[in-house]
Amino acid sequence: MSGVFVSMLQVVRLAVGFAAMASVPVTGLHVATAQEASVLSPSSAWNLNYGEDRCRLLRTFGDDDSPTVLIMEQVSPSDHFELIIAGDTLRWVNDDRHATLQMGPGYEAFERRFHEGTLGEIKSALIFGSISPVHGGLSAADKPTSDEASAYERIVHPIDVPLAESGANIEWIEFAHRNRVVRLNTGPLAKALEGLTTCTADLVRSWGLDPEAVASVVANPEITNIEHVARRIQRTYPSKALRRGEMATIHVRTIIDEHGQIASCTQLELTKAENFADAACNIILREAKFEPARDASGKPVRMYSTNRIRYIIP
């Protein structure tokens with residue numbers, strides 16, 4: 001079974017530990033029906049953006065004057081995607097950053113933490129992190145096994161169910177927070193998610209990798225000094241961003257060659273992060289040490305790894 005290597009590091013200024021954005025299935029919890037929800041219909045077609053470093057699937061819902069934006073984004077092939085729901089109509093969301101998500105009717109609701117940010121001129125963006133229609137969010141198996149590892153979590157997302165297949169079971173996405181519910185009537189998502197998968201395969205080719213060879217990898221790149229790198233990034237919050245009280249969520253993509261050497265490191269913004277520059281990549285390039293990926297025969301192969309980093313000021 002092939003796997004996609006994804007790491008998550010949450011950087012908290014002056015904090016001791018790191019907390020994952022976790023999700024748990026909702027059992028015995030009342031989930032509002034469409035009659036009780038604020039139901040929004042599409043106001044645009046799906047827009048699939050083939051970016052230089054990411055693939056972004058976007059659609060707007062509701063009124064043109066005050067749209068709600070749904071974004072599903074990937075920076076590498078996976079059965080997970082980053083989920084963002086944004087709109088000025090979401091300003092009612094309070095400081096309790098817990099919500100219930102459901103991708104229905106095919107999948108059960110689950111609880112999820114989110115972070116708040118902005119999306120262009122839209123001041124209210126809810127960032128749910130990595131979501132899978134089948135698996136929800138992070139499982140207990142994804143959580144670190146030691147206090148030191150808790151600073152830098154490694155998550156393997158095996159592609160058990162292709163996105164297009166899971167998308168066939170989704171006709172709406174529902175977000176519930178406190179006593180309010182918003183349902184986005186997406187319609188069947190199979191074709192839209194199939195497009196996202198095609199886009200990420202093109203991304204892999206643009207990195208000089210073969211998507212079929214990537215899919216055959218059985219052992220992903222392994223960072224061997226994970227605690228050290230996590231501590232260094234944690235202690236190096238960009239000073240300009242800190243002075244301005246700015247927080248950000250970014251991705252870092254590294255290409256690891258057959259010898260375990262870092263061939264490249266690219267820092268990608270998930271939220272606005274202009275004052276974070278290449279802070280994380282600079283540390284990774286200088287100090288991270290990797291074991292290379294391996295194929296089924298045990299041969300070292302060139303491969304990528306993707307890390308998600310959150311800079312947070314408590």
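**Close-up views of a predicted model**

View 1. The largest nonpolar core holds 42 residues, with Leu83, Phe128 and Phe175 making the most contacts inside it. Helix H2 (residues 190–206) supplies the largest share of this core, six residues. Another core, of 22 residues, lies apart from it and includes Val229, Val252, Ala279 and Cys281. A nonpolar core is a set of buried Ala, Val, Leu, Ile, Met, Phe, Trp, Tyr and Cys residues joined through side-chain atoms within 4.5 Å. Buried means under 20% relative accessible area, exposed over 50%, partly exposed in between (1.4 Å probe, protein chains only). This is a predicted model: local features need pLDDT of at least 70, side-chain atom pairs count only at pLDDT 80 or more, and totals for chains, interfaces and linings use all residues. Residues are numbered from 1 along each chain as its sequence is written, and side-chain values use heavy atoms, without hydrogens and water.

**View 2. A six-strand open sheet.** The strand order is S4-S5-S6-S7-S11-S10, with antiparallel pairing. Strand S4 (47–50) and strand S10 (115–119) are the edges, each pairing on one side only. S10 and strand S11 (residues 122–131) pair over four bridges. Glu116 stands opposite Leu126 in S11. Strands pair if DSSP finds at least two bridges between them; helices (H or I, at least four residues) and strands (E, at least two) are DSSP runs, numbered from the N terminus.

**View 3. The loop at Thr224.** Thr224 sits between strand S15 (222–223) and helix H4 (226–234). At 47% relative accessibility, Thr224 is partly exposed. Its C-alpha atom is 5.6 Å from that of Phe290, 66 residues apart along the chain.
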